[in-house]
Amino acid sequence: MTQDEEQRIIADVLAGDPARFEALVRVHEKGIYRLCCRMLGGEQDALDASQEAFFKAYRGLAGFRGDSRFSVWLYRLASNACLDILRKRSAAKELPLTDEEGGMFDIPDPGPSPQDAAERTETREAVQRALAALAPEHRQAVILRDVNGLSYEEIAAVTGLEAGTVKSRIFRARRRLAALLQADRNFSGRAPSNTTGKTGKGGASR
């Protein structure tokens with residue numbers, strides 16, 4: 001959906017046709033849920049945050065200035081809803097290791113082998129643990145970039161940061177993720193599968 005199409009739909013809603021808002025929901029609901037699920041790790045919290053984002057968008061539509069795409073504003077609302085939930089959680093409480101969407105990042109289908117399936121599950125859980133260990137703001141930035149595919153400029157609009165700060169935050173988040181995944185690998189004795197090869201206990205990539 002182009003920005004002009006978004007603006008026409010918004011104009012229709014504000015002119016007295018609230019049913020038109022459903023078109024915006026259909027276009028963006030999967031991306032918003034994906035963001036919330038990645039940030040929060042559990043289906044119910046992700047659904048709650050997604051619904052809150054769309055509710056706030058609908059209620060605040062008259063105040064949307066259109067300086068950026070509607071989707072960017074929506075990601076900001078969803079991100080803030082997720083951050084609020086994360087801040088309310090106990091620091092000692094672990095994020096659930098559920099994966100309702102098939103993986104924290106896009107892991108290729110490993111085929112029918114039970115061993116491959118087990119390794120795929122371990123990889124998902126390792127990535128979830130690593131993301132859960134990041135500061136919420138770092139988790140937000142890296143997910144918006146690497147999962148939802150937003151540009152640095154769009155992430156800057158979502159977070160209210162300068163683009164340079166966004167790049168720095170994502171760099172630090174990726175470096176921290178790599179260190180956490182390496183530590184997880186050393187602890188478990190197994191390297192997660194990746195797109196270039198598989199490793200077993202104590203083995204090297206082939």
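The structure is a predicted model, in which local features need pLDDT of at least 70 and side-chain atom pairs count only at pLDDT 80 or more, while totals for chains, interfaces and linings use all residues. Residues are numbered from 1 along each chain as its sequence is written, and side-chain values use heavy atoms, with hydrogens and water left out.

## Overall fold

The chain contains eight helices and zero strands, where helices (H or I, at least four residues) and strands (E, at least two) are DSSP runs numbered from the N terminus. Read from the N terminus on, the order of the elements is therefore α-α-α-α-α-α-α-α. Of the 206 residues in the chain, 38% count as buried, a word that here means under 20% relative accessible area, with exposed meaning over 50% and partly exposed in between (1.4 Å probe, protein chains only). Among contacts with a separation of 6 or more, 62% join residues 24 or more positions apart, and a contact means heavy atoms within 4.5 Å.

## The nonpolar core

In soluble globular proteins, nonpolar side chains tend to be buried together. A nonpolar core is a set of buried Ala, Val, Leu, Ile, Met, Phe, Trp, Tyr and Cys residues joined through side-chain atoms within 4.5 Å. The largest such core in this model holds 51 residues, and the members that touch the most others are Phe-21, Met-39 and Phe-70. At least two residues of this core come from each of α1 (3-14), α2 (21-40), α3 (43-59), α4 (70-88), α5 (114-133), α6 (136-146), α7 (152-159) and α8 (163-188). The helix that gives the most is α4, with 12 residues.

## How helices pack

The axes of α2 and α3 come within 8 Å and cross at roughly 140°; axes are lines fitted to C-alpha atoms, for helices over the stretch in contact, and angles run from 0 to 180 degrees between N-to-C directions. This angle makes α2 oblique to α3, because angles under 35 degrees count as roughly parallel, over 145 as roughly antiparallel, 65 to 115 as roughly perpendicular and the rest as oblique. Residues making the contact include Phe-21, Leu-24 and Val-25 of α2, and Phe-54, Ala-57 and Tyr-58 of α3.

A second pair is formed by α4 and α6, which pack at an angle of about 145° with their axes 10 Å apart, and their crossing is right-handed. Here Tyr-75, Ser-79, Leu-83, Leu-86 and Arg-87 in α4 meet Pro-136, Glu-137, Arg-139, Gln-140 and Leu-144 in α6. Ser-79, which lies in helix α4, is buried with a relative accessible area of 0%. Leaving aside residues up to four places away in sequence, Ser-79 touches Leu-35, Gln-140, Leu-144 and Val-158.

## Salt bridges

Side chains of opposite charge can pair when their charged atoms come close. A salt bridge is a side-chain nitrogen of Lys or Arg within 4 Å of a carboxyl oxygen of Asp or Glu, and by this rule the count comes to six. Three of these pairs are set out below.

| Salt bridge | N to O distance |
|---|---|
| Arg-20 and Asp-12 | 3.0 Å |
| Glu-52 and Lys-56 | 3.0 Å |
| Asp-146 and Arg-174 | 2.6 Å |

In the Arg-20 and Asp-12 pair, Arg-20 is partly exposed at 31% relative accessibility, and Asp-12 is partly exposed as well, at 30%. Glu-52 and Lys-56 both lie in helix α3, four residues apart, which is about one turn of the helix. Glu-52 has a relative accessible area of 30% and counts as partly exposed, as does Lys-56 with 41%.

Asp-146 lies in helix α6 and Arg-174 in helix α8, so this pair ties together parts that are 28 residues apart in sequence. Asp-146 is partly exposed at 35% relative accessibility, and Arg-174 is partly exposed at 36%. Elsewhere, salt bridges that share partners join Asp-84, Arg-87 and Glu-137 into one network.

Note on methods:
A crossing is left-handed if the near helix is turned anticlockwise from the far one by less than a right angle, and right-handed if clockwise.
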